[in-house]
Amino acid sequence: MIKGVKATSRLISSRYLSLGARAAVRQSATRSFSSTTNILAAQSENDSSEDPDSLKFVSHFKSPIVQQLWLARKKAKANATGNADSLPEYRLPSESMTSVSYPFSTNEFLKEAYRNPWGQVRFGKILEDLDALAGNIAFSHVQDPSINIVTASVDKIHLSKVPTLETDLVLAGKVTYVGSSSMEIRMQCRNEDGKEDEYWLEAFFTFVAIDPETRRPTKIPPLKPQTLLEERHFAAGKERAAVKKEARKALKEAAGSVVATTGKFAAVANDLMEQAGPVMNMPSISCIDSILMGQTELETSEIAQPQTRNMASQIFGGFLMRKACELAFNTAYIFSGILPTFYEVDEVSFGIPVNAGDLLKFHSRVLYSITHSDEETLRCFDGLTQTVSVEVECWVLDPVHSSAKLSNKFYFTFAVPSGVPLRRVLPSNIGEARKIANRMHADHIQALQ
């Protein structure tokens, strides 16, 4: 008996020693990680966007359109004479008007760069270009290289038809609304041989100007609309900004309060939970047309490589959007059992910045699916009468410090043909039920704007 106790004591001691050794290794790794991080930070400062060689090097890893836009912005920064201490009285919307062309008919390399496996436009690449173009437009309004301009949110990207690679395209946009430190940028994509108002894509981005020293929002020149159309766009942008402000306020007030969070959508969430009961408790005999949200999930992870940096030496937001979009596509593809068609980016929120070397995990799930009537917007897509709503989260993981931080949330909608049997997505818990109810409400509000 005593011999057994001694043996057990030795085993416990060896385990504690093993844990201690593991802790020592972790501590050593932490010191090494901190040292490496400091070195990378110093390199990042020396390898800033102001270094022409650095910018040219990084831009070569992007699409030809992004490279073209970044080099144009570098030239604009070099020629800018802006001063944050003396803002101009105003700027005109036309001053920020910027466009870029896709000559697919004459440039086979460009055409191949944007081709997906089915011979269609790889829409994730267009998302990268939109982010780069929005950055150029934002700088054209601010015109002060000393101010940092960052993407605050992508409010909406909507398609009204499926583009092809057989037609040359034009992507263009300008600032349409300015607050104190933020600006709304409206962009459209159309066929080059079409009229300006015959666009098939419309996108709204919000950028914020940040003081590099205080890291706080800083004032930018006001916008002075000149035409009736510009005045209408300004008023619409102002209204969207007010709606977003109210939404942020409501979210802040609801944080930490179960009653506040559930009050508005309690009926919808409770109904979803009631429908999910048989699926959770009797899966073998429950309805075959339903599926739990957790069963629709996909995820992928990768290290953020330095080749995906932007002009501020952080990871390019367009790259994150493309990765999220392509994971969302795969999620909708597996869920529906048929190739989905990109229809809309409903919302993208930007939390913390992502740096080279960060370990990223993209996690996706289907939130809900809907069958639309013939009178609704999907009439622009022949034979496509159903939509699938997908959420993607991007997490920044730090295994050394056992840390995980949410960087971005993306919401995508894909269209699928009529007649394809889509399962009803149900929650496994009240948190998922609220997520579905909140997203349905947000999409409904956005559709009304």
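In this predicted model, Tyr 102 and Phe 104 are both buried. Their ring centres sit 5.7 Å apart with the planes at 45 degrees, so the two make a tilted pair. The aromatic pairs number twelve. Another one joins Trp 70 to Phe 316, this time edge-to-face, with 5.2 Å from centre to centre and 80 degrees between the planes. Trp 70 belongs to helix 3 (residues 64–79), while Phe 316 sits in the loop between strand 7 (298–303) and helix 9 (317–336), so the pair ties together parts that are 246 residues apart in sequence. Both Trp 70 and Phe 316 are buried.

Aromatic residues also gather in a group: Trp 118, Phe 123, Phe 329, Tyr 333, Phe 342, Phe 410, Phe 412 and Phe 414 make up one cluster. Elsewhere, charges turn up over rings. Lys 224 lies over the face of Tyr 90, 4.6 Å from the ring centre, and Arg 240 has its charged end over the ring of Phe 204, at 4.2 Å from the centre.

Ten strands line up in the order 1-3-4-5-2-8-11-10-9-7, giving an open sheet with antiparallel pairing. At its edges stand strand 1 (98–102) and strand 7, each with a single partner strand, so one side of each has no neighbour in the sheet. From one strand to the next, the twist averages 20 degrees. Take strand 4 (residues 182–191) and strand 5 (residues 199–210): these run antiparallel and are joined by nine bridges. Here Gln 188 stands opposite Glu 202 of strand 5.

Two helices pack on this sheet. Helix 5 touches strand 1, strand 2 (148–159), strand 3 (169–178), strand 4, strand 5, strand 8 (341–350) and strand 11 (403–417), and its direction makes about 50 degrees with that of strand 5. Helix 9 packs on the sheet too, with strand 2, strand 5, strand 7, strand 8, strand 9 (359–371), strand 10 (384–398) and strand 11 among its contacts; the angle between its direction and that of strand 11 is about 50 degrees.

Technical notes
Residues are numbered from 1 along each chain as its sequence is written. This is a predicted model: local features need pLDDT of at least 70, side-chain atom pairs count only at pLDDT 80 or more; totals for chains, interfaces and linings use all residues. Side-chain values use heavy atoms; hydrogens and water are left out. Rings of Phe, Tyr and Trp (its six-membered ring) pair if their centres lie within 6.5 Å; planes under 30 degrees apart count as stacked, over 60 as edge-to-face and the rest as tilted. Helices (H or I, at least four residues) and strands (E, at least two) are DSSP runs, numbered from the N terminus. Buried means under 20% relative accessible area, exposed over 50%, partly exposed in between (1.4 Å probe, protein chains only). A charge sits over a ring if NZ of Lys or CZ of Arg is within 6 Å of the ring centre and within 35 degrees of the ring normal. Two strands pair if DSSP finds at least two bridges between them. Axes are lines fitted to C-alpha atoms, for helices over the stretch in contact, and angles run from 0 to 180 degrees between N-to-C directions. Contact means heavy atoms within 4.5 Å.
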